[in-house]
Amino acid sequence: MNKFIKRILFVDDDKIQHMINKKNMLRLRPDLELFFFENPYLALDWLATNEADLLMLDVNMPEMNGWEFLDELNKLKILIDVKMLTSSLDPDDIENSMGYTQISGFLIKPLHNEVISDILGL
């Protein structure tokens, strides 16, 4: 059983994905608190003083990729459950994910309602 998820942080450079995910998640769970960042550095700053139950992290971003973001989280000793988001199934990315204990899933964009329901334990 998933722990109850209330606050989700999205780090993805794609604004359209943010809009789609916000609409779909709030339709299924209007009580969710969702936080969206296109810039991973701003997300790291936010996480330094705020908490979330789940981090949805894009693999490929221009300023810092998802793996570099995870390395920064580890340096800052920020513990959070992470689901990696990607639009491709690069075997290297899946293999990289095995090296991070906080990663609990590898998801393909866009997130469909069935996947969202599974994440939220609905």
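Which side chain does a polar contact of 3.1 Å join to that of Gln102? Here are some friendly notes to read beside the model.

1. **Before you start.** This is a predicted model, in which local features need pLDDT of at least 70, side-chain atom pairs count only at pLDDT 80 or more, and totals for chains, interfaces and linings use all residues. Residues are numbered from 1 along each chain as its sequence is written, and side-chain values use heavy atoms, leaving out hydrogens and water.

2. **Gln102 and its partner.** The side chain you were looking for belongs to Asn74. A polar contact is a pair of N or O atoms within 3.5 Å; within protein, one must be able to donate a hydrogen and the other to accept it, and residues adjacent in sequence count only if both atoms are side-chain atoms. Gln102 sits in the loop between helix H4 (91–97) and strand S5 (103–108). Helices (H or I, at least four residues) and strands (E, at least two) are DSSP runs, numbered from the N terminus. Is Gln102 buried or exposed? With a relative accessible area of 14%, Gln102 is buried; the cut-offs are under 20% for buried, over 50% for exposed and in between for partly exposed (1.4 Å probe, protein chains only). Setting aside neighbours within four places in sequence, Gln102 is in contact (heavy atoms within 4.5 Å) with Leu70, Asn74, Ile80, Asp81 and Val82.

3. Two strands pair if DSSP finds at least two bridges between them. S1 and S3 have 4 bridges, with Leu9 partnered by Leu55 of S3. S3 and S4 are joined by 5 bridges, again in the parallel sense, and Met56 stands opposite Lys83 in S4. As 5 of the 6 residues of S4 are buried, this strand is largely enclosed by the rest of the structure.

4. **The cores.** A nonpolar core is a set of buried Ala, Val, Leu, Ile, Met, Phe, Trp, Tyr and Cys residues joined through side-chain atoms within 4.5 Å. The largest has 23 residues, and Leu55, Leu57, Phe69, Leu70 and Leu73 have the most contacts inside it. At least two residues of this core come from each of strand S1 (7–11), helix H2 (40–49), strand S3 (54–58), helix H3 (66–75) and strand S4 (81–86). A separate second core of 14 residues includes Leu32, Leu34, Leu54 and Leu107.

5. **The aromatic cluster.** Ring pairs link Phe35, Phe37 and Trp46 into a cluster. Rings of Phe, Tyr and Trp (its six-membered ring) pair if their centres lie within 6.5 Å; planes under 30 degrees apart count as stacked, over 60 as edge-to-face and the rest as tilted. By this rule there are 4 aromatic pairs. Phe35 and Trp46 make a tilted pair because their centres are 4.7 Å apart and their planes lie at 40°. This pair links strand S2 to helix H2, across 11 residues. Phe37 and Trp46 are also tilted, at 6.1 Å centre to centre and 50° between the planes. Phe35 is partly exposed at 22% relative accessible area, whereas Trp46 is buried at 15% and Phe37 is buried at 16%.
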